[in-house]
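Let's take a walk through the aromatic side chains of this model, ring by ring. Please have the viewer ready.

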Amino acid sequence: SLYPSSINNLLQYIIDMYLGKDNSDDIKLSIKKYFQDQPNKSCCRVLLMLDGYNEVTKNTQDILNCIDDFSSKYKNVQIVITSRKNLTSLTQLQCFYRIYLQELSDYVIQEFLKSKKIVLQDFEAQLWNILRNPMMLTIFGEVYELSKAAQGELPSLHCYSSGELLRDYFDRLSQARALQDYQRETLISTKYIIPYIGWRMERDNLWQIDKIYIVDIIDEALKELKKNWRFIKKIIDPDMIIDPEFVETLNSNHIMAIIELHLAYFQSIDKNGEVKLSFLHQHIRDFMAASYIFVQMKFAIIQNSVVPLKKVFSSSLCSGPVSRFIGELCSEHKYRAVLNRSGLWSIPEMPRKYSMIETQKSLDLLRNKFGDGNEWCVRCIVDIISITRRELAGCNLSCLDLTKTSINSIICSRYSNGQYLAANFSGSLLNNETLLPTGHSAGVGCLTVIHDYYLLSMAADGIICYSLPQKNVVKEMIDLSVI
């Protein structure tokens with residue numbers, strides 16, 4: 001993603017980046033010869049790894065053409081490209097082979113935990129799946145070490161999610177690194193300013209920013225913080241250790257000093273003498289963006305206003321990872337409907353401290369408000385719920401503007417042991433893109449074609465038989481016992 005669009009010669013770019021621009025022609029010729037020589041045709045002499053193709057946001061075709069041109073000229077170089085997505089466009093490269101990296105095995109995870117002297121006895125499978133990610137496994141080890149060093153409470157092993165793990169990690173890290181004289185600056189930086197930077201970078205699809213630009217973003221965040229401090233303090237400073245007069249004295253120099261101390265968030269890139277900052281990992285940037293949006297959702301609820309929601313939820317939708325992190329911070333993954341012992345659907349009871357789920361309260365603010373940008377807020381929040389819960393069954397989606405929301409392929413109802421649970425769409429504004437007109441009042445879960453003549457569709461409310469040639473309903477079977 002650092003590859004400049006103005007350079008069409010990859011070899012020259014490599015020389016300039018890693019050897020400097022003041023190199024003699026002899027050095028450049030030697031490098032070219034080294035790349036071209038093939039002393040052993042059975043193996044390559046140079047391995048060139050280009051990391052982060054999924055982070056490229058423009059001129060992707062030019063970059064792919066450049067890579068193809070480079071590989072055809074320098075046969076001695078094996079090129080490896082890493083990417084989390086956008087794999088389809090890579091298939092146009094010459095001699096392209098797709099290799100998938102596997103998740104960490106149980107044995108590797110156990111050996112790592114043993115090396116950290118971490119004993120896991122009673123924990124849920126969900127946590128184990130999170131630890132299959134190398135970065136999350138490393139962070140989990142760091143959380144344990146930080147909690148032991150501070151003689152604090154060890155992390156919970158139940159209902160853990162990636163979002164909760166990252167929040168736990170950064171909370172403990174900021175406490176451990178906060179200097180006695182800079183506790184207030186550290187709290188504001190880690191709870192508001194750095195998340196604001198992550199949100200701006202995610203919104204604008206940026207992976208690194210120069211130091212001058214980051215100062216401008218910090219100034220924006222401070223201006224917003226000072227304007228709304230009487231509300232924001234209830235969210236990021238519940239213990240009231242920061243007074244309004246102190247907030248007014250803050251400037252970008254104070255915050256930059258704290259950011260430079262917290263290199264667990266950022267890495268510094270010196271690109272031809274120009275210093276740029278980027279988050280250490282895409283997940284960290286996305287988590288910080290989610291943290292800022294989470295604060296704005298709380299701000300909207302406290303203020304009883306949709307204005308903060310409209311600021312962070314717009315037609316430029318949140319990415320899937322950001323939506324999932326928001327849902328996990330809101331604890332949505334803990335409240336997926338389940339069948340209780342009586343055979344009835346129920347939502348798990350929330351602890352008192354979680355008595356206000358931000359997603360649900362935000363939707364309450366948007367009920368009976370149609371148009372005027374509210375439809376985009378609704379779409380983003382519904383996306384958060386469906387991505388985190390993996391369904392919408394049991395959700396109250398009544399009296400909402402769902403004209404920009406698509407819920408096709410999302411489970412909206414469930415049927416088990418004679419009990420039917422569905423999302424509530426009463427009084428909501430829908431269109432054809434929201435839910436395809438299927439004749440069902442619930443999401444279609446199964447389709448089958450019989451003799452190329454009949455189409456059977458099944459949902460939680462029954463089965464409908466359609467005639468394909470006549471394009472009409474032949475029979476409706478509401479009694480699910482026939483299945």
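The model is predicted, so to speak of local features a pLDDT of at least 70 is needed, side-chain atom pairs count only at pLDDT 80 or more, and totals for chains, interfaces and linings use all residues. Residues are numbered from 1 along each chain as its sequence is written, and side-chain values use heavy atoms, leaving out hydrogens and water.

Searching the whole structure turns up 11 aromatic pairs. Rings of Phe, Tyr and Trp (its six-membered ring) pair if their centres lie within 6.5 Å; planes under 30 degrees apart count as stacked, over 60 as edge-to-face and the rest as tilted. Tyr-169 and Phe-170 make a tilted pair, because their planes meet at 55° with the ring centres 5.0 Å apart. Tyr-169 is buried at 10% relative accessibility, and Phe-170 is buried at 4% (buried means under 20% relative accessible area, exposed over 50%, partly exposed in between, with a 1.4 Å probe and protein chains only).

Now turn to Tyr-192 and Tyr-292, an edge-to-face pair because the planes stand at 70°, with centres 5.7 Å apart. Tyr-192 belongs to helix α9 (residues 183-203) and Tyr-292 to helix α14 (residues 282-303), so this pair ties together parts 100 residues apart in sequence. Helices (H or I, at least four residues) are DSSP runs, numbered from the N terminus. Tyr-192 is buried at 0% relative accessibility, and Tyr-292 is buried with a relative accessible area of 0%.

Ring pairs also join Tyr-169, Phe-170, Phe-287 and Phe-325 into a cluster. Finally, Arg-184 sits over the face of Phe-246, 3.8 Å from the ring centre (NZ of Lys or CZ of Arg must be within 6 Å of the ring centre and within 35 degrees of the ring normal).

Technical notes
Helix = DSSP H or I, 4+ residues; strand = E, 2+ residues; numbered from the N terminus.
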